[in-house]
Amino acid sequence: TRLALVAGQPQHPHFVLFNLAGDGTVQLIYPRRGDPPRVAVDRPYELMLEVQTPFGADHAIGIGSARPLADLVAALQKLHGTKDPRAAMEALAQSNGPGTVVGVQGMFSTAK
């Protein structure tokens, strides 16, 4: 199943999105290879997602910032696919500074 995650009009151009799956798996969603690290701030941002295993309660965490988030992206790339949500949250805490906005969206999925 595909779904669209829509962020209202972003306040900041630098954007990172990752998921903490119900089993603790860290999944970097945006930016991935080839994705620009910046999004337009003059319109809502829409990202198409595909629901995959593991099913259950997921938490999508979006970070917007006035400054580049290269260190956070690098940390999440290393953690992608691992079951280390604590390390992901520590990386987020280290990147959280003035001009950073964090949002969390709960998502719940199941197999058909």
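**Group meeting: pockets and side-chain pairs in a predicted model**

I start in helix H2, where Arg 86 and Glu 90 sit 4 residues apart and are therefore separated by about one helical turn. Helices here are DSSP runs of H or I with at least four residues, strands are runs of E with at least two, and both are numbered from the N terminus.

Before going on, a word on the source. This is a predicted model, in which local features need pLDDT of at least 70 and side-chain atom pairs count only at pLDDT 80 or more, while totals for chains, interfaces and linings use all residues. Residues are numbered from 1 along each chain as its sequence is written, and side-chain values use heavy atoms, with hydrogens and water left out.

Arg 86 and Glu 90 form a salt bridge, with their closest N and O atoms 3.1 Å apart. The term salt bridge means a side-chain nitrogen of Lys or Arg within 4 Å of a carboxyl oxygen of Asp or Glu. Arg 86 is exposed, at 63% relative accessible area, and Glu 90 is partly exposed, at 40%. For these words, buried is under 20% relative accessible area, exposed is over 50%, and partly exposed is in between, using a 1.4 Å probe and protein chains only.

How many salt bridges are there by this rule? The count is 3. Another one joins Asp 23 to Lys 83, where the closest N and O atoms are 3.4 Å apart. Asp 23 is in the loop between S2 and S3, and Lys 83 is in the loop between helix H1 (70-79) and helix H2 (85-95), so this pair ties together parts 60 residues apart in sequence. Asp 23 is partly exposed at 35%, and Lys 83 is exposed at 58%. There is also a salt bridge between Asp 42 and Arg 43, with closest N and O atoms 3.1 Å apart. Asp 42 has 55% relative accessibility and counts as exposed.

Now the overall picture. The protein has 2 helices and 6 strands, and from the N terminus on the order is β-β-β-β-β-α-α-β. Its C-alpha atoms fill a box of roughly 40 × 30 × 25 Å along the principal axes. For 112 residues, a compact globule would have a radius of gyration near 13 Å, and the protein agrees, with 13 Å. That radius is taken over C-alpha atoms, and the globule rule is 2.2 Å times the number of residues to the power 0.38. Of the 112 residues, 36% count as buried.

Next, aromatic rings. The rule pairs rings of Phe, Tyr and Trp (its six-membered ring) if their centres lie within 6.5 Å, and calls planes under 30 degrees apart stacked, over 60 edge-to-face and the rest tilted. The count comes to 1 aromatic pair. Phe 15 and Tyr 30 have ring centres 5.7 Å apart and planes at 40°, so the pair is tilted. Phe 15 is in strand S2 and Tyr 30 in strand S3, 15 residues apart, and the pair links distant parts of the chain.

Last, the pockets. On a 1 Å grid over the protein atoms alone, a pocket is an open set of points where a 1.4 Å probe fits, with protein on both sides within 12 Å along at least five of seven lines; lining residues have an atom within 4 Å of a point.

The largest pocket has a volume of about 510 Å³. Its lining has 20 residues, with Gln 27, Ile 29, Leu 49, Glu 50 and Gln 52 nearest the centre. Which strand gives the most to this lining? S4 does, with 4 residues. By class, the lining holds 10 nonpolar, 7 polar and 3 charged residues. Here Ala, Val, Leu, Ile, Met, Phe, Trp, Tyr, Cys and Pro count as nonpolar, Asp, Glu, Lys and Arg as charged, and the others, Gly among them, as polar.

The second largest pocket has about 410 Å³ of space. A set of 24 residues lines this pocket, and Phe 15 is one of those nearest its centre, along with Ala 7, Gly 62, Ile 63 and Gly 103.

Definitions and conventions: Grid points are joined across faces, edges and corners, and a volume is the space filled by probe spheres set on the points.
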